[in-house]
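User: Please go through the surface and the confidence of this model with me.

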Amino acid sequence: MKIKKIRVFDVALAVVMALLSLIFLLPFWIIVVSSLSDNLQLMTNGISVWFQGFTFAGYRLLFGLSDKFIRSIWVSLYTSFLAAILSVVACSLCAYALSKKYLVGRNVITVFVLIPMFFSGGMMPLYLVKV
């Protein structure tokens, strides 16, 4: 049986990764805590890392409004999944066609596919607005 030697670098790396994980997860935790805290205490004391008057009142209000909230979540999920599926299908079909050496106009099509990858659609309007 071989015993692995623990190096100082590995320990330091683990500590740095743990700290970064906490730093990245902290905003999400604050959102959860704020959504489950009492509004009056939040406005009085400010945002905190701990619950201030634990309550589901915000969620009761949100889901009690009507079907609009549930419907908006459904539309968002439907649109996201449909866009992802269509994007994968379109990219797969394009990649398959461009992988064939005998495709007529392959180089021209490749240029038309690569240019939007390097220069996004928002680059020109952003340039025109800033100038």
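**Surface and confidence**

Analyst: Leu26, Trp29, Val32, Val49, Trp50, Phe51, Phe54, Phe56, Tyr59, Phe63 and Ile70 make a nonpolar surface patch of about 1,100 Å². Two or more patch residues come from each of helix H1 (8-35) and helix H3 (57-64). The model is predicted: local features need pLDDT of at least 70, side-chain atom pairs count only at pLDDT 80 or more, and totals for chains, interfaces and linings use all residues. Residues are numbered from 1 along each chain as its sequence is written, and side-chain values use heavy atoms, with hydrogens and water left out.

User: Which element gives the largest share of the nonpolar patch?

Analyst: Patches are made of residues with over 30% relative accessible area and no salt bridge; like charges are joined within 9 Å, nonpolar side chains (Val, Leu, Ile, Met, Phe, Trp, Tyr) within 5 Å. Areas come from the Shrake-Rupley method with a 1.4 Å probe, and for residues only the protein chains shown count as cover. Helices (H or I, at least four residues) and strands (E, at least two) are DSSP runs, numbered from the N terminus. The largest share, 3 residues, comes from H1.

User: Which residue forms a salt bridge with Arg7?

Analyst: A salt bridge is a side-chain nitrogen of Lys or Arg within 4 Å of a carboxyl oxygen of Asp or Glu. The count by this rule is 1. With the closest N and O atoms 3.5 Å apart, the partner of Arg7 is Asp10.

User: Which element has the lowest mean pLDDT?

Analyst: pLDDT is the predictor's confidence in each residue, from 0 to 100. The protein has a mean of 87, and 97% of its residues reach 70 or more. H1 has the highest mean among the elements, 94, and the lowest, 73, belongs to helix H6 (residues 123-130).
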